[in-house]
Amino acid sequence: MGKYIDELNKNKKLKKEKKLVDYRWILKISIIAFTLSIVFSLLSETVMPKVNLWIGIIILILFIGIGILFDMVGVAVTAADETPFHSMAARKVRGAKVAVKFKKSAAQVSSFCNDVIGDICGIVSGSTGAILSVTISSSLQMDALLISLLVTAIIAALTIGGKAMGKGFAVNKSNVILFEFSKVVSLFYNPKK
């Protein structure tokens, strides 16, 4: 076992050594997370009390769906194969350059998709669920604790189940997911090579 570990470490040293901790990236992603969480929470806290129950449920499902979608993209970018995107970029296929750029910075893209967007959606869906719980319990004249427990359990089940299903799909269809996501992103962003 020891010789295999030595061999793995030797192969790592042959590759270009990268900085283990990129403090600029950590600061940048923390600021982005802070800003996005304020925006999403503000929207949730100001809009949710003013909408009817069914619109609130749709908004909640939307937050859960966005979290699942970005979790799939985060997994897909780490599992995708970069090679086909280079040949597509050479043929100037829309989104291919973005896919190459994303694949080259897979750790950051995955962190942004899974940790920033995914976690913010999880937090906001929790606060949205709390507002829905109050609305449901007051309109149905039911125990607030029971409704809160049920709503929380449903949110957790949908989020965890959706992400579990999405991860398997993302690993198996990683190139397709990365390409489709990159095509959408390429409408707003054009990387310099």
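# Eight helices: a short tour

The protein has 8 helices and 0 strands, where helices (H or I, at least four residues) and strands (E, at least two) are DSSP runs, numbered from the N terminus. This is a predicted model, in which local features need pLDDT of at least 70 and side-chain atom pairs count only at pLDDT 80 or more, while totals for chains, interfaces and linings use all residues. Residues are numbered from 1 along each chain as its sequence is written, and side-chain values use heavy atoms, with hydrogens and water left out.

Me: In what order do the elements of the protein run from the N terminus on?
Reply: The count is 8 helices and 0 strands. From the N terminus on, the order is α-α-α-α-α-α-α-α.

Me: What percentage of the residues in the protein is buried?
Reply: Buried means under 20% relative accessible area, exposed over 50%, and partly exposed in between (1.4 Å probe, protein chains only). The protein has 193 residues, and the buried share is 35%.

Me: Among contacts between residues at least 6 apart in sequence, what percentage joins residues at least 24 apart?
Reply: A contact here means heavy atoms within 4.5 Å. Among contacts between residues at least 6 apart in sequence, the share joining residues at least 24 apart is 82%.

Me: Which residues of the largest nonpolar core touch the most other members?
Reply: A nonpolar core is a set of buried Ala, Val, Leu, Ile, Met, Phe, Trp, Tyr and Cys residues joined through side-chain atoms within 4.5 Å. The largest one holds 42 residues. Those touching the most other members are Val77, Phe85, Phe102, Ala170, Ile177, Leu178 and Phe181.

Me: Which elements give two or more residues to this core?
Reply: In soluble globular proteins, nonpolar side chains tend to be buried together. The elements giving two or more residues to this core are helix H3 (53–79), helix H4 (83–90), helix H5 (96–104), helix H6 (106–140), helix H7 (144–172) and helix H8 (174–185).

Me: Which residues is Phe85 in contact with, leaving aside its neighbours within four places in sequence?
Reply: Phe85 is among the core residues that touch the most other members. Leaving aside neighbours within four places in sequence, Phe85 is in contact with Ala80, Ala96, Ala99, Val100, Asn175, Leu178 and Phe179.

Me: Is Ala99 buried or exposed?
Reply: Ala99 lies in helix H5. Beyond four places in sequence, Ala99 is in contact with Phe85, Leu178 and Ser182. Its relative accessibility is 0%, so Ala99 counts as buried.

Me: What covers the buried residues of H5?
Reply: The buried residues of H5 are Ala96, Val98, Ala99, Val100, Phe102 and Lys103. Their cover includes H3, H4, H6 and H8.

Me: What is the volume of the largest pocket?
Reply: On a 1 Å grid over the protein atoms alone, a cavity is a set of points where a 1.4 Å probe fits but cannot get out, and a pocket is an open set with protein on both sides within 12 Å along at least five of seven lines; lining residues have an atom within 4 Å of a point. Grid points are joined across faces, edges and corners, and a volume is the space filled by probe spheres set on the points. The largest pocket has a volume of about 460 Å³.

Me: Which residues lie nearest the centre of the largest pocket?
Reply: The lining divides into 11 nonpolar, 2 polar and 3 charged residues. Here Ala, Val, Leu, Ile, Met, Phe, Trp, Tyr, Cys and Pro count as nonpolar, Asp, Glu, Lys and Arg as charged, and the others, Gly among them, as polar. Of the 16 lining residues, those nearest the centre are Trp25, Phe102, Ser105, Val109 and Phe112.

Me: Which elements each supply at least two residues of the lining of the largest cavity?
Reply: The count is 1 cavity of 30 Å³ or more. The largest cavity has a volume of about 40 Å³. Its lining includes Phe63, Gly118, Cys121 and Lys163. At least two lining residues each come from H3, H6 and H7.

Me: Where is Lys92?
Reply: Lys92 is not a glycine, yet has a positive phi of about 60°. At 74% relative accessibility, Lys92 counts as exposed. Its place is in the loop between H4 and H5.
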